[in-house]
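Please look at the sequence and the structure shown below, and keep both at hand while reading.

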Amino acid sequence: MAEALEQNVTSIEKGEGEESKKRLRSIQKDQQVLTFELDQETFGVEILKVKELIEYSGMTKVPMVPDYIRGVINLRGSVVPVVDLLYLFSRRKSEITKKSCIVIVESLREGEAIYTGLLVDTVNEVIDVSARDIEPPPAFGTNLKTDFILGMAKVQEEIIILLNIEYLLSFDELSSLSQFDFHGLYEEAKKTE
Amino acid sequence: MGPSLDEEFLQELRPVNPMESQDVLETFITEVGEHLQAIENVLLVLEENPESTDDLNSLFRSFHTIKGTSEMFGFRHISEFTHTAETTLVRVRSGETPITPGLIEVLLKCRDHIATLMDISEDAFLRRIDLQGYGKELQESLVREAGAAPSPAAPAAVTPVPPKITAPEASVTEKRPSDWQITLRLKEDVFIHGLDPLPIIRYLKNLGTIRKIVTLYDSIPSAENYNPEKSYLGFEIDFHGTVSRKDIEENFEFLSDDAEIRIEGISAVVPSPPPEAKEAMEEIPKEVQPTEGMRIGKKGVAASKNLRVDSERIDHLINLVGELVMSGAQINQIATVEKNTSLAESAYHLGRIISEIRESTLRLRMVPVGGVFTRFNRVVHDLSRNLGKEVMLITMGDETELDKTVIEQISDPLMHLIRNSVDHGIEETATRIEHGKSPTGTITLKAYNEAGDIIIEVVDDGAGLDVEQIHKKAIQNELISPSQSLSKKEIMNLIFEPGLSTAKIVTSISGRGVGLDVVKKNITALNGSVEVESEVGTGTRFRIKLPLTLATIDGFLIRVADTKYVVPLDTIKECIEFERKEDDSGRRNFLNLRGEILPFINLKELFLRAGKGSIATEREYIAVVQQSGKKAGLLVDELLGEMQSVIKPLSVIFGKINGLSGITILGSGEVAFILDVHSLIDLARSREESRFS
């Protein structure tokens, strides 16, 4: 599965339409999905990617990293970064409520498993999704970068966006953002002065 | 008579395919590596003391084991090459040839060659031809060197085994053809011991021609007593080749425990062998006693006290134990709050056990430094020979233990220092005699524990550093100003500065300092430090201080807003309370430190992008830090004091964050960031510059 996904990621990067159909076929299998809410929308990740769920109980801010990284937490001795999905999707910071949760997911990077926390508004449930209920993302309308989406799952009357964790956390593109933004800082400083 | 095994069938009996099992192959490579190291050590000892029979024997055994195992694993090119060296050693051992410096030199080169062969053994089949070419050359010079000391009985034993694979028939016409009758009776347990006799029989073809093999099956028991895991067979081999009895014997040496072997020379073709053959028959029973080398091959794994463990597993264990320490502390805390005496007692007991577990877990990563030290014997040997100097290396404290990662990374800087000492420290032999010193220079490599740190010293009794010259050069290169008054020690330690290393310092210390800045950088990267002391004419002492383990850092904990940071303790000069003037706009980031103008970095502004001029209402402090000659203050909200912490790398997703060198978890479970003072100062500077560009 992971390999298949990785292949798909590459093909998406190449922008081959035919390939993305292939990707869809490969995810069109019966699977279990953990669903969670983010700004009143329901998203899902395949349960095999999920390592654990933890209640939000504060975290340490990391200096000089982009805003989509909310901070780091101490997960039994390992320092795990937490990504604010809402910020990544819509440039708005997630509100922390009593229901806020961190979903620890595993992704592969250069063959090694790395753990990342996803900050979500609330975790719902684990559901079974059958292959025939999964459809490709629409050309537009989700308000999300299409690469972030693996597929759309129709569950009862609801539509759940299945996230492409491998792509989402393939930080090649994202970590280039982590370079310190001198210019931005200067502008900001000018405003306040 | 049983069915005979024909040539074609023998052809199919391949030795163990090296790619078959990665694990077995790795064990093989490690084992050969150990023997190669042993060979090197022993040769260097023999150079000093050629009379040592013990060393000679162990040298022989090492070559012998390498030959045997590489053959078993199908690396024939290695076993073939090693064979010649081994043969030469047989002669040395029997006293036919003296061990000369020249011979040792060639044997060292042979050892290197085997190492090269090992390195590429995985794709060896492609490059084999070239390697064999060089191997041949060395084999010839072995014969030349050993032949230089003439001995009457030499020729038969020294002749390198020609690779007969190409034309076995040709050997029939050679001068001393010989026919042999070999009887091999396998013991029942041979398979249980993991030995496959067929490749060994097959190898015989390299020595000559197998004319006929007859299987002896007379000891096969009746069907009800037959055990399929046991061997009941024997072979009678009709063999033809220009070899000595010993060669054949050696071929079967691996089977000597598990088979009865009889080798008879047949006198029909050769006029001389009968007495030799007769003698052979009598000698075999005692000659095929197992040697030490063989024991290593077969029982080494079971007998070894050491366990090879993936270092990742240990790291994981260490992480878990760190976690355990924290949980233990929490329980202790609860017990105190709840005022539950019996719980507090148990928690205290638990805490003690946990801290013991922690200590012994950390020790798992510790490795004696001796392994690295022995490597330098060779370096000193080769280098001093090249330079025509006499240098002796003495190592002390080989058993001192260091973290494995530290050991791996200290090797290069040490190598550099030792080369430096041989090259520039130790004088020419003539000069030494002139100065009334012993003609042989001494370099001492010493490791010991000191107050929780490991000290490694490289001491030479050479010319020493010329303080005057360094001072002059430093001024010339604008490293220091002429007015600066520096102690002798401070001047000497300037040789680690990059400015001095680019140019050569004249005369006696020429080149001393080339690359020393790199040495210092590498050692600093390990959280260590290095300094030099020297006396002109007496010698130089480099003193490297390393932390016991890479995993921890002595730091000073500070707080900026909600986040805690660790500043490496050795960069902190002092801490002061920061008082802003009433009308301070917060725009000026410098202060007057006892007459010195000290720029400071407002960490809150830098890290949290707080706007310029946001003046804190609470008390603020300045931590004065200095690294690589750069000095600055850090404006922080709170000083929390010294602490020791475990360093964890920044997560992959962060890549490199300027100003931070790692992450750590505090005793409370909080995450804190380790500041990289050097890059922090650079960051602040470039930030300010960018405002005006």
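## A buried serine in chain B

Ser70(B) is buried, with a relative accessible area of 0%, where buried means under 20% relative accessible area, exposed over 50% and partly exposed in between, with a 1.4 Å probe and protein chains only. This residue belongs to helix α3 (residues 53-72) of chain B; helices (H or I, at least four residues) and strands (E, at least two) are DSSP runs, numbered from the N terminus. Between the C-alpha atoms of Ser70(B) and Thr82(B), which are 12 residues apart along the chain, the separation is 9.4 Å.

## How the model is read

The structure is a predicted model, in which local features need pLDDT of at least 70 and side-chain atom pairs count only at pLDDT 80 or more, while totals for chains, interfaces and linings use all residues. Residues are numbered from 1 along each chain as its sequence is written, chains are lettered from A and ligands numbered from 1 in the order in which they are written, and side-chain values use heavy atoms, with hydrogens and water left out.

## The open sheet of chain A

Chain A holds an open sheet of 6 strands in the order β8-β1-β2-β11-β10-β9, with mixed pairing; two strands pair if DSSP finds at least two bridges between them. At the edges stand β8 (122-129) and β9 (134-135) of chain A, each with a single partner strand, so one side of each has no neighbour in the sheet. In general, the strands of a sheet pair through backbone hydrogen bonds, either parallel or antiparallel.

Strand β10 (residues 149-155) of chain A is mostly covered, since 6 of its 7 residues are buried. The antiparallel strands β10(A) and β11 (residues 158-163) of chain A are joined by 6 bridges, and Lys154(A) has Ile159(A) in β11(A) as its bridge partner. These two strands, β10(A) and β11(A), form a hairpin with 2 residues between them, and Gln156(A) in the turn has a positive phi of about 50°.

## Salt bridges

Over all chains, a search of the whole structure finds 29 salt bridges, a salt bridge being a side-chain nitrogen of Lys or Arg within 4 Å of a carboxyl oxygen of Asp or Glu. One of them joins Asp461(B) to Arg432(B), with the closest N and O atoms 2.9 Å apart. This pair links distant parts of the chain, 29 residues apart: Asp461(B) is in the loop between β9 (453-460) and α17 (467-476) of chain B, and Arg432(B) is in helix α16 (residues 429-434) of chain B. Asp461(B) counts as partly exposed at 22% relative accessibility, whereas Arg432(B), at 0%, counts as buried.

Arg541(B) and Glu457(B) also meet through their side chains in a salt bridge (2.6 Å, N to O). Because Arg541(B) lies in strand β11 (residues 539-547) of chain B and Glu457(B) in strand β9 of chain B, the pair ties together parts that are 84 residues apart in sequence. Arg541(B) is partly exposed, with a relative accessible area of 29%, while Glu457(B) counts as buried at 3% relative accessibility. Elsewhere in chain B, Glu40(B), Arg111(B), Asp112(B), Arg378(B) and Asp382(B) are linked in a network of salt bridges.

## Patches on the surface

Glu110(A), Glu112(A), Asp310(B) and Glu312(B) gather in a surface patch of negative charge. Patches are made of residues with over 30% relative accessible area and no salt bridge, like charges being joined within 9 Å and nonpolar side chains (Val, Leu, Ile, Met, Phe, Trp, Tyr) within 5 Å. Glu110(A) is in the loop between β6 (101-109) and β7 (112-120) of chain A and is exposed, with a relative accessible area of 77%.

A nonpolar surface patch of about 360 Å² is made by Tyr217(B), Ile220(B), Tyr226(B) and Leu233(B), with accessible areas coming from the Shrake-Rupley method with a 1.4 Å probe. Tyr217(B) has its place in the loop between β2 (209-216) and β3 (234-240) of chain B, and counts as partly exposed at 42% relative accessibility.

Methods. Lys, Arg positive; Asp, Glu negative; His and termini not counted. Charge placed at Lys NZ, Arg CZ, Asp CG, Glu CD.
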